[in-house]
Amino acid sequence: MDISVEKSKSLKGQLTIPADKSISHRAAMFASLTGGSVRINNYSLGADCKSTLEIIKTLGSRVEFLDETTVLIDSSDAYKNGLYRLDCGNSGTSMRLFSGILASRELEATLYGDQSLSKRPMKRVITPLELMGAKIKHSKYCAPLVIKGDELYPIDYRSQLASAQVKSCVLLAGLNTVGLTKFSEPFKSRDHTERLLEYMGADIMVEGLTCKIQKSRLIPRELSVCGDISSAAFFLVAATIVPDSDIILKNVGLNSTRTGIIDVMQKMGARLEILESKSVCNELVGDIRVQYSELVGVEIGGEIIPRLIDELPVIAVLASRASGSTIVRDAADLRNKESDRIKCLVSELQKIGVNISETTDGFVVHGKSKIDGGCHVECYHDHRLAMSLYVAGLVAESKVTIRDFQWVDISFPEFLRFMYQLQS
């Protein structure tokens, strides 16, 4: 499905941001580990999160939607000994986190996915799991992964990569392993796993950049998922760069490990404010107002990168409207996403006139260049790249057509409806 976008006069109104994908994955997975019944309010409708639900169903949980976004999970018969084939679709989160869950359980499972997921690096989770004694067959550290679960041994693992997925994988293996499992990382990555495990009664402790977990039984508790700041990011940027815009985004997750984009936008001069906030299931949630702003270029790198890694494509669009240059570094892991996000982002933004160049571990954007548009661009089966290109099209002089825009459904099937709502 190809979608065309034209220059917008302004964006006005309010939106309630859909459920956070990262938290939705974890809510369903952890619910399936309780051995009881858990109601999840505001579950994500993205294809990746649906993959997680299909996996826990295959593993024996009963899954019932009470309405469009409220799901009831009964795991009283889950994780029985047997052979399972588990389709992760396009979801790296599903594959990496379930690897940790399954490695310590008496069953055998094959985790596989689509063509894109089958190319993504899995050594980062296979290595620590094998150190714990896990038995995993793989194809040059890529999917499909065949996991023969067994009793594991606790480890003290020091990761060279700040990755929430790697951290979560090890913690979830440790959740069912006798002894103290430790995980340390060089910078703080998103901590939804630690927060939700604590909320559900796990014996977990966080000390700076180190997490420690003991074997625990999770308590079945009702869960509510906040809005996804990674989804909100496209609207935050769009309202900042489209003249005469003024919008409010409601129910946005404000977890400090995810708000790097807010910090960067405020540093660039964006008129952005948090209207109110509260705690929901151990997560900070609030409403955000953002208005059209004059921006300046900044440097982005170091420990903030894990806090905005998914938002960097749309930050490149933001930087294209700023005075001066914006430099992004220390983001080489962008090359291991659904696409090589550095190469693909630079290629497609150049097509429409953005003055952007690729570096080994990031990119450089020279702002205030005229965005001509008037062409077709590719999203490379990458949902975040597709939505970032749409935002760029809102300030292009001529129509921009994005090929295969249906990949947005992976994370944000409501995206177009919300954009049209703000432009009406």
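**Entry 1: charges**

I began with the charges of this predicted model. The chain carries 51 positive and 52 negative charges, and I found their mean positions 2 Å apart.

**Entry 2: the whole chain**

Next I looked up the overall build. I noted 12 helices and 23 strands in the chain. The C-alpha atoms fill a box of roughly 60 × 40 × 40 Å along the principal axes.

Of the 424 residues, 60% are buried. I also checked contacts between residues at least 6 apart in sequence: 74% of them join residues at least 24 apart.

A reminder to myself: strands of a sheet pair through backbone hydrogen bonds, either parallel or antiparallel. I picked an open sheet of 4 strands, in the order 18-19-21-20, with mixed pairing. Which strands sit at its edges? They are strand 18 (299–300) and strand 20 (355–359), each pairing on one side only. Strand 18 runs parallel to strand 19 (residues 325–328), with 2 bridges between them. There I found glutamate 299 opposite isoleucine 327 of strand 19.

**Entry 3: strand 13 and its partners**

Strand 13 pairs with strand 11 (residues 181–184) in the antiparallel sense, over 4 bridges. In that pairing, serine 184 has threonine 210 as its bridge partner.

**Entry 4: two helices**

Is helix 9 mostly covered or mostly open? I counted it as mostly covered, since 8 of its 8 residues (312–319) are buried. Among them are Leu312, Pro313, Val314 and Ile315.

In helix 11 (residues 383–393) I stopped at arginine 384. Its relative accessible area is 6%, and buried means under 20%, so arginine 384 counts as buried. Which residues does arginine 384 touch, leaving aside neighbours within four places in sequence? I listed Lys21, Ser230, Phe234, Asp310 and Arg341.

Another reminder: most residues other than glycine have a negative phi, and most peptide bonds are trans. I went looking for exceptions.

The peptide bond from alanine 143 to proline 144 is cis, with omega near 5°. Proline 144 belongs to strand 9 (residues 142–148).

Tyrosine 79 has a positive phi, near 60°. I located tyrosine 79 in the loop between strand 5 (71–74) and strand 6 (83–87). Tyrosine 141 has a positive phi too, near 65°, and lies in the loop between strand 8 (135–139) and strand 9.

Are these two tyrosines buried or partly exposed? Tyrosine 79, at 13% relative accessible area, is buried. Tyrosine 141, at 30%, counts as partly exposed.

Definitions and conventions
Residues numbered from 1 in each chain as written. Predicted model: local features only at pLDDT ≥ 70, side-chain atom pairs only at ≥ 80, totals over all residues. Heavy atoms only, no water. Buried < 20%, exposed > 50% of the residue type's maximum accessible area, 1.4 Å probe, protein only. Contact = heavy atoms within 4.5 Å. Lys, Arg positive; Asp, Glu negative; His and termini not counted. Charge placed at Lys NZ, Arg CZ, Asp CG, Glu CD. Pairing = 2+ DSSP bridges.
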